[in-house]
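Have the structure open as you read.

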Amino acid sequence: MGSFSQILIKILSTILIFNHIQYCYVLKTNAQIDTSNIFPLCSGDNITSNTYRSNLKLLLSSLTNSFNKTIILNGYYNDTVGRKPNTAYGNYQCRGDITLEDCRSTVDLAVKEVQRSCPDSKEAVITYKEIVALKFSDQSYFSTMRDSPYFPLPNANSVTNPDEFNSGLDELENYILEKVAFNGVSNTSSSTNRNLYGIGSIDVSSSQKIYGLAHCTADLSVKNCTQCLRGIMDNYRKSFSGRVGGRVICWSCYFRYETYRFYGPNATSPPFPSPNIMNPPPSKPKISRKVLLIIIVVPSVITTVLSIIIILYFCVKRRKKVLERKIEDIDEIQSAESLQYKFNTIGAATQNFSDANKLGRGGFGTVYKGTMPDGQEIAVKRLSENSGQGEEEFRNEVVLLAKLQHKNLVRLLGFCLDGDEKLLVYEFMQHGSLDQFLFDPIKRALLNWERRYKIIGGIAKGLLYLHEDSRLKIIHRDLKASNVLLGEDMVPKISDFGMVRMVNQNQVSTKRICGTFGYMAPEYAMHGKFSAKSDVFSFGVLILEILCGKRSNSFGGFDGAKNVLSYAWGLWEEGKSVELLEPSLRDCYSPNEVMRCIQIGLLCAQKDVANRPTMAWIIHMLNNHCVILPSPLAPSTFVLRGETELNIPSEDGDNISVNQVSMTEFYPR
């Protein structure tokens with residue numbers, strides 16, 4: 001206990017000294033800009049020319065030093081360094097309600113962050129706390145309206161009066177657009193230094209008010225500015241509907257609304273010097289010794305007391321850790337017991353597992369339809385005797401699956417364990433599996449383009465939940481069309497979790513490879529290594545199957561293609577990607593959505609794991625058409641030859657056995 005007290009005293013002494021230094025520094029240097037909420041986006045090709053790299057370095061230095069060499073009008077500055085083809089173009093635009101000093105500090109931070117985040121990109125844009133947007137490119141973009149890249153940031157809270165609120169928001173938007181246009185025409189002496197900035201507020205009710213702010217880069221024309229703002233306002237309505245606030249940041253313009261006044265006090269007057277008037281900086285008020293002492297001591301005491309409370313809290317929490325683990329174990333057992341069905345009940349529901357109730361058969365067992373005494377329809381998977389699971393392992397898997405609750409995952413209702421019988425009880429999906437519609441010449445007509453696009457988005461959301469949003473990091477390992485079931489309104493639900501693995505690291509190795517060739521990622525099929533990016537590969541193949549309406553392995557050398565990946569890549573290289581789309585859809589589809597899906601599918605199926613996008617980024621690309629997608633590299637392709645057992649040498653020299661599959665062959669890109 002004595003040693004603990006000495007350590008505690010040393011910690012608190014250090015905190016006190018640190019606080020003293022910190023608050024003295026704050027008084028000396030005024031407020032510091034917070035370095036959170038940084039949104040960098042690196043795009044374009046990688047830098048290959050040392051000349052361009054040198055020009056870019058000089059350009060960024062020029063942006064940082066711009067406040068020392070010129071008058072900054074309306075928070076805007078641009079510069080160009082070098083000659084073509086290695087010219088570097090760059091600019092920044094500070095928001096209209098901040099001071100010149102805050103603009104200077106933020107530009108300096110943005111330059112440092114963009115160099116750290118995008119060291120090898122020819123083009124990049126970074127926004128910092130929405131105060132400044134800083135950009136550079138190897139192509140001239142000055143005075144050009146660009147509404148991408150696009151950062152939508154909705155408020156998490158919803159309004160209680162959406163109709164009244166949205167009507168007020170519409171009026172506020174129109175008012176701010178008019179104000180931006182008026183300021184752009186009235187307050188300018190130069191076509192490249194317009195004050196394209198406006199704020200406003202409106203009373204929705206006696207107790208609710210909406211505040212708004214809009215801004216464009218000063219080099220735009222008034223027409224291009226209003227076009228940019230109207231575009232992002234129309235886009236965010238879809239995702240921001242019913243929210244109490246939101247922000248949209250894009251290359252050329254910015255808009256935000258909230259139910260509180262979020263802009264600074266300088267917002268009511270031009271915060272930056274006009275071309276003809278330069279006011280001297282106001283003198284700093286003097287601070288008395290008494291006030292200075294209070295400012296230093298009071299926060300230090302508060303911090304010290306809070307530190308003591310936090311340390312004592314964690315000491316007590318550590319003692320309770322063993323007890324909490326025991327309670328958790330008890331909860332796990334009770335959870336499993338509450339999900340267990342009697343074998344007689346399931347047998348009666350499925351008419352003793354009659355063939356008439358059989359829905360299908362997979363590698364891990366047969367699925368039957370059943371009807372419970374209360375009329376509830378269920379799907380029962382009867383695991384085969386060679387499933388390889390013991391009783392305890394089976395119970396653990398049931399508890400794991402029962403915790404997965406998502407709109408796009410099939411819900412596990414319970415289980416039955418009776419001797420050698422192992423049964424899993426799921427919710428019944430009335431429309432069956434996706435492959436029954438996708439590859440059927442008659443049923444596929446029910447899947448128009450709108451439904452297929454929603455199915456792609458729903459599967460992506462289900463995978464994101466497995467990979468990131470559930471408290472367990474889950475890898476599915478067997479994503480394919482037959483393992484996607486269709487519920488009410490054709491909502492897709494990922495099923496068949498017999499091969500899921502819970503992981504706590506980025507990549508895992510296994511000696512037992514299970515799955516379906518054509519969907520399996522190369523690193524998994526060849527070396528037994530799997531990760532969330534393995535599911536991303538399978539998702540890419542599935543996207544392309546949904547687009548063309550054919551199984552991946554059904555091409556059989558059509559146009560020299562071995563499977564859907566090589567066929568789609570060949571069309572991509574020839575600039576004929578739209579020909580991948582199923583002919584019945586070509587009369588009614590969205591060209592932008594189709595091309596975006598094809599490109600995402602090829603990005604997912606790239607051989608290099610690091611190049612594949614995450615599911616979070618995939619959903620962002622699907623939902624935001626303003627996002628510029630990178631160009632995909634050639635995918636890895638698989639060729640099936642025969643029905644033999646595959647023995648794959650692992651890294652430690654052992655063999656990895658896979659039944660009912662064939663050797664995979666890689667072809668040159």
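In what order do the 5 strands of the open sheet run, and is the pairing parallel or antiparallel? The order is E6-E9-E10-E8-E7, and the pairing is antiparallel. Before going further, please keep in mind that this is a predicted model, in which local features need pLDDT of at least 70, side-chain atom pairs count only at pLDDT 80 or more, and totals for chains, interfaces and linings use all residues. Residues are numbered from 1 along each chain as its sequence is written, and side-chain values use heavy atoms, with hydrogens and water left out.

Strands here are DSSP runs (E, at least two residues), as are helices (H or I, at least four), numbered from the N terminus; two strands pair if DSSP finds at least two bridges between them. At the edges of the sheet you will find strand E6 (150-154) and strand E7 (197-205), each pairing on one side only. Neighbouring strands are turned by 10° against each other on average, direction ignored (axes are lines fitted to C-alpha atoms, for helices over the stretch in contact, and angles run from 0 to 180 degrees between N-to-C directions). Within the sheet, E9 and E10 pair in the antiparallel sense over 4 bridges, and Ile 249 stands opposite Tyr 254 in E10.

Tyr 254 also leads us to the largest cavity, as one of the lining residues nearest its centre, together with Gln 93, Glu 130, Ala 133 and Cys 253. A cavity is a set of points on a 1 Å grid over the protein atoms alone where a 1.4 Å probe fits but cannot get out, and lining residues have an atom within 4 Å of a point. The largest cavity has a volume of about 150 Å³, where volume is the space filled by probe spheres set on the points, joined across faces, edges and corners. Its lining of 18 residues divides into 10 nonpolar, 5 polar and 3 charged (Ala, Val, Leu, Ile, Met, Phe, Trp, Tyr, Cys and Pro count as nonpolar, Asp, Glu, Lys and Arg as charged, the others, Gly among them, as polar). E5 gives the most, with 3 residues. Domain 1 (38-142) and domain 2 (151-258) both contribute to the lining, so the largest cavity lies between them; the bounds come from an automatic or database domain assignment.

The second largest cavity holds about 80 Å³ of space. Helix H14 (residues 532-548) provides the largest share of its lining, 3 residues. Among the lining residues are Arg 477, Tyr 519 and Phe 530.

Methods: 1 Å grid on protein atoms, 1.4 Å probe; cavity = no way out; pocket = protein on both sides within 12 Å on 5 of 7 lines; lining within 4 Å.
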